[in-house]
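This report covers strand pairing, aromatic pairs and a few individual side chains. The sequence and structure come next.

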Amino acid sequence: MRDNIYWLLKYRLFCCFFCSWDLVSGQIRYSVPEELQLGAFVGNIAIDLGLDLKELSARRTRVAPSPRKRYVDVNLQNGVLFVNERIDRELFCGPSRECILPLNVVLENPLGLHQVEVEILDVNDNAPSFPKSQIRLEISENMAPGARFRLEAAHDPDIGTNSLQTYQLLPNEYFTLDVQERVRVGITPVLVLQRALDRETTSTHDITVLAEDGGVPIRSGTVQVTIRVKDANDNPPVFSQAVYSVSMVESARIGNLIIKVNATDLDDGPNGEITYSLTNHNSADVRELVGVNSKTGEIRLKGHLDFEQSKTFMINVQAIDNGPYAIPQHCDILLNVIDANDNAPEVSLTSMSSAVAENSPNGT
């Protein structure tokens, strides 16, 4: 630690001294790709400075310390600048188009400072990636084709052709992909609805979006887009039968079940929840005679049947869902009343008198 502080202070004194006496030589520039192995060749400082190899040691040639890591160092045996620390261009320079590692090579006796620039070239070492592995969308089934849904963009820390270049959508029946260019944002994927959705047919769609860079070889990242189709109230209730026929003995007790009607609705949530009721088409006698459970569709007797008064009743029931713009559906129940032995026979006698002669023949 003390040695580092010593050399750092000494380097700053050298800089001040060199700047005062105009002893700084011209720049030397090298270019190397990022992610090179330790010890990889950067350049030969002895050849480029026109120095004899013996001078390197004699003049205590070194790469001056800096606040950053010593990414590059010099081999005094052969004058080669070599990679001393792994260089990650994305960490070192971020999204900048140009990435320069400045070095100062110091020699003593006489003092000399040579500025060296090492350009770090980008390699395609990063694949595009999305912020999340899955994107969830909710789209109503009554959404018209042509509707657009912007997705989160992918990110690639590489630059130039190695960075994100395009998006692709794996084949599916309902969506296409539009790639939109946005200022200061870059390219963004936009889903376009190509075909009307039907929740009752398919309630969930899973599609895959691919982000690709332009490097060699091409690197890519994917995101799964899960689309839940929101229900629209586009289906009315449907009874299992349009007309039901049922018979009940006239002696049935109040509360007895006459029939349970059933309607189904393919919609979801409130759009598929059904309420049953008697319609206004029923006579006053029917309304007094029967009642319907609004939730279950059970129709029960709430009055007394009398075969002798009425042998049949026509009951009209309505089913309507709880969604917006609901359309009621109807069914009829024909109730046949069965006679019960609840009345004694009535005998009527009519008498008359007539005289018959005692000698009247048989059959008179």
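In this predicted model, strands β11 and β12 form a hairpin with three residues between the strands, and R184 in that hairpin takes a positive phi near 65 degrees. Strand β11 covers residues 175-182 and runs antiparallel to β12, to which eight bridges join it. Within this pairing, L177 stands opposite L191 of β12.

Strand β12 also pairs with β9. Three bridges join β9, residues 148-150, to β12, and these two strands run antiparallel as well. Here R150 faces V190 of β12. How many of the eight residues of β12 are buried? Seven are, and the strand, residues 186-193, is therefore described as mostly covered, given that buried means under 20% relative accessible area. In a regular strand, side chains alternate between the two faces of the sheet.

Another part of the model holds an open sheet of three strands, in the order β2-β5-β4 and with antiparallel pairing. Its edge strands are β2 (41-44) and β4, each of which pairs on one side only. Direction ignored, neighbouring strands of this sheet are turned by 25 degrees against each other on average. Between β4 and β5 (residues 80-83), the antiparallel pairing extends over four bridges. N75 stands opposite V80 in β5.

The aromatic side chains come next. A pair of aromatic rings is described by the distance of the centres and the angle of the planes. The count for this model comes to three aromatic pairs, including the two in the table.

| Aromatic pair | Centre to centre | Angle between planes | Arrangement |
|---|---|---|---|
| Y71 and F92 | 5.3 Å | 85 degrees | edge-to-face |
| F239 and Y276 | 6.4 Å | 55 degrees | tilted |

The pair of Y71 and F92 links distant parts of the chain, 21 residues apart. Y71 is in the loop between β3 (62-63) and β4 (72-75), whereas F92 belongs to helix α4, residues 89-93. Both Y71 and F92 are buried.

What does the pair of F239 and Y276 tie together? F239 lies in strand β15 (residues 238-239) and Y276 in strand β19 (residues 274-278), so this pair ties together parts that are 37 residues apart in sequence. F239 counts as buried because its relative accessibility is 11%, where the cut-off for buried is under 20%. Y276 counts as buried because its relative accessibility is 5%.

K311 lies over the face of F307, at 4.9 Å from the ring centre.

Another lysine, K260, is found in strand β17, which spans residues 257-260. Is K260 buried, partly exposed or exposed? K260 is partly exposed, because its relative accessible area is 49% and exposed requires over 50%. Not counting residues up to four places away in sequence, K260 touches T296, G297 and E298. For one of these, T296, the C-alpha atom is separated from that of K260 by 7.5 Å, while the two residues are 36 residues apart along the chain.

Note on methods:
Residues numbered from 1 in each chain as written. Predicted model: local features only at pLDDT ≥ 70, side-chain atom pairs only at ≥ 80, totals over all residues. Heavy atoms only, no water. Phe/Tyr/Trp six-rings, centres within 6.5 Å; stacked < 30°, edge-to-face > 60°. Buried < 20%, exposed > 50% of the residue type's maximum accessible area, 1.4 Å probe, protein only. Lys NZ or Arg CZ within 6 Å of the ring centre and 35° of its normal. Pairing = 2+ DSSP bridges. Contact = heavy atoms within 4.5 Å. Axes fitted to C-alpha atoms, helices over the stretch in contact; angles between N-to-C directions.
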